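The points are grouped by topic.

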Amino acid sequence: MKRFFNIFAIIALAFGFVACEGNETTENKEYNVELSVDKNSIMADGEEQATFTVKVDGAVAEDAQIICLNDNSIVEGTTFKTAVAGEYSFKAAYKGFTSETVTITAVAVEAPIPAVELSVDKSEIVADNSDTATFTVKVDGEDKSSEVKITVINYNSELEGNTFTTDVAGEFVFVANYEGVKSNEVKVVATAVEAPVQKTLKIQSDVNRIKADGSEKVTFTVFYGEDDVTADAEIYCSNHEGVTVEGNTFSSTTVGSYSFRARYNDQTTGTAVNIDVYDPELVGKYEIGAIHEVNGVKGVIFAIKSDNNGNTYCYLFSMDEEDLQWSTKYEWCNCTSQRGDYNTNDPFDYFGMNIDDYPAFKWCKAHGEGWFLPSSTELHWMWEMLTNGERDFKAPSVAKYNEFIVENGGEPFCETYYWSSNETSEDLVEVVAFMNDSVVCLDPKKDNVYTARAAYRFKVE
């Protein structure tokens, strides 16, 4: 279209013509101007056009002007086309008279959808972080590999570039995306690397409590995988200087808690064996597995531990348990020590936290003065006692203790995760699995629901 002058100027000019012509021929002649178009919709592709016809008093008038009202421009000739989508309005003008408005809609042209093809040079790699699969992406036959994003669909992640390596075995599904158009899917299988057999070094003891009178001894056994390597291993006490092990046995006349590890084949045992050396006068007075009542609440003695200052403590677990959240919010409570009674009391006695936000703590403290949520260390002692050192929920002692607890009005232990009072971050806490030999400590969210069992500690006088 060609911009000319304002439609009002055109109409005024047309009236001028009429006035002059009227002086020469007829006075105040009126004209009936009609504008029509062969189509009211065209594609906005700059090619398709609409053709106008202007009639004046019923006869085609080739000297009439057609004006586009969108920008007051005069249409060149009798056709209209555009590359800009939208609605356009037109009128015809003849000697000061105009037609009714005619509208044409220019419809946007949809861009052709490109063909995006994804391929890979190998469909199987080794999951060793070095074997590489290389992808090629073609758009309408043109290589666009360096420009296109490739996504791992089943891992919801994007590749950096067009190559893929992994150390995770499994099937990976890929798709490329070019300007919103997805390609075909391609699968790559990563096969596991055969790992060499790793042997674990473990130390075991036949008992975990002996009298502090030299009359009893502990016998240690060291395993490297399934092999008994006791004769060649070095067994040592890791928390007391000067304490020696005679061959693979230990006895003492000093009350205390002793931890033992072993070295063999350039390895050190990851988990220590803890031996409690106790005052012999305690025999018959406090026994592990016996029911004891504290402040009107009954519990079962699960550990008798002596510290390095000669103090001896009894630990009880409650007769009941409850499935609860550790807390309803994520915040540090400074519960990082290995003593549950400190962990339980400190946040509320010294840091002013609201006990109602900590259901597991609140439930334990509701048992009475001195009851607390046990630490992960105290839970390990409980697990050792319950399984008689086998660390397996199917151990005969578990059924025996559960029967004893139920007979005395309590609730049995379950094969599940138990909350400890030890947190590892503002939102994670350790739980101990009363399930199998691994005694794993997981780090679940604090607002998950797991099992709590209360504990109590008192000094033996």
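In this predicted model, strands S31 and S32 (residues 312-318) run antiparallel and are joined by 7 bridges. On its other pairing, S31 is linked to strand S30 (residues 291-294) by 4 bridges, and these two strands also run antiparallel. Both pairings belong to an open sheet of 5 strands, ordered S30-S31-S32-S39-S34, in which the pairing is antiparallel. The edge strands of this sheet are S30 and S34 (371-372), each of which pairs on one side only.

- Strand S31 covers residues 297-306, and because 9 of its 10 residues are buried, the strand is largely enclosed by the rest of the structure.
- The hairpin of S30 and S31 has 2 residues between its strands, and Asn-295, which lies in the turn, has a positive phi of about 50 degrees.

**Helix H4**

- Helix H4 comprises the 12 residues 376-387, and at 1.5 Å a residue it should span 16 Å, which agrees with the 16 Å that separates its end C-alpha atoms.
- Of the 12 residues of H4, 10 are buried, so the helix is largely enclosed by the rest of the structure.
- The buried residues of H4 include Leu-379, Trp-381, Met-382, Trp-383, Met-385 and Leu-386, but the list also holds Ser-376, Glu-378, Glu-384 and Thr-387.
- The residue that follows H4 is Asn-388, and its phi is positive, near 55 degrees.

**Ser-145 in its loop**

- Ser-145 is located in the loop that connects strand S14 (142-143) with strand S15 (149-152).
- With a relative accessible area of 9%, Ser-145 counts as buried, because the cut-off for a buried residue is under 20%.
- The side chain of Ser-145 makes a polar contact with the side chain of Asp-143, at 2.6 Å.
- When residues up to four places away in sequence are not counted, Ser-145 touches Phe-135, Thr-136, Val-137 and Asn-162.

**The chain as a whole**

- The secondary structure of the chain amounts to 5 helices and 39 strands.
- The radius of gyration of the chain is 44 Å, whereas a compact globule of 461 residues would have a value near 23 Å.
- Taken along the principal axes, the box filled by the C-alpha atoms of the chain is roughly 145 × 55 × 40 Å.
- Buried residues make up 42% of the 461 residues of the chain.
- Among the contacts in the chain with a separation of 6 or more, 58% are accounted for by residues 24 or more positions apart.
- The chain exposes about 24,500 Å², of which carbon and sulfur atoms supply 45%.

Technical notes
Residues are numbered from 1 along each chain as its sequence is written. This is a predicted model: local features need pLDDT of at least 70, side-chain atom pairs count only at pLDDT 80 or more; totals for chains, interfaces and linings use all residues. Side-chain values use heavy atoms; hydrogens and water are left out. The expected span of a helix is 1.5 Å times one less than its number of residues. Buried means under 20% relative accessible area, exposed over 50%, partly exposed in between (1.4 Å probe, protein chains only). Two strands pair if DSSP finds at least two bridges between them. A polar contact is a pair of N or O atoms within 3.5 Å; within protein, one must be able to donate a hydrogen and the other to accept it, and residues adjacent in sequence count only if both atoms are side-chain atoms. Contact means heavy atoms within 4.5 Å. The radius of gyration is taken over C-alpha atoms; the globule rule is 2.2 Å times the number of residues to the power 0.38. Accessible areas come from the Shrake-Rupley method with a 1.4 Å probe; for residues, only the protein chains shown count as cover.
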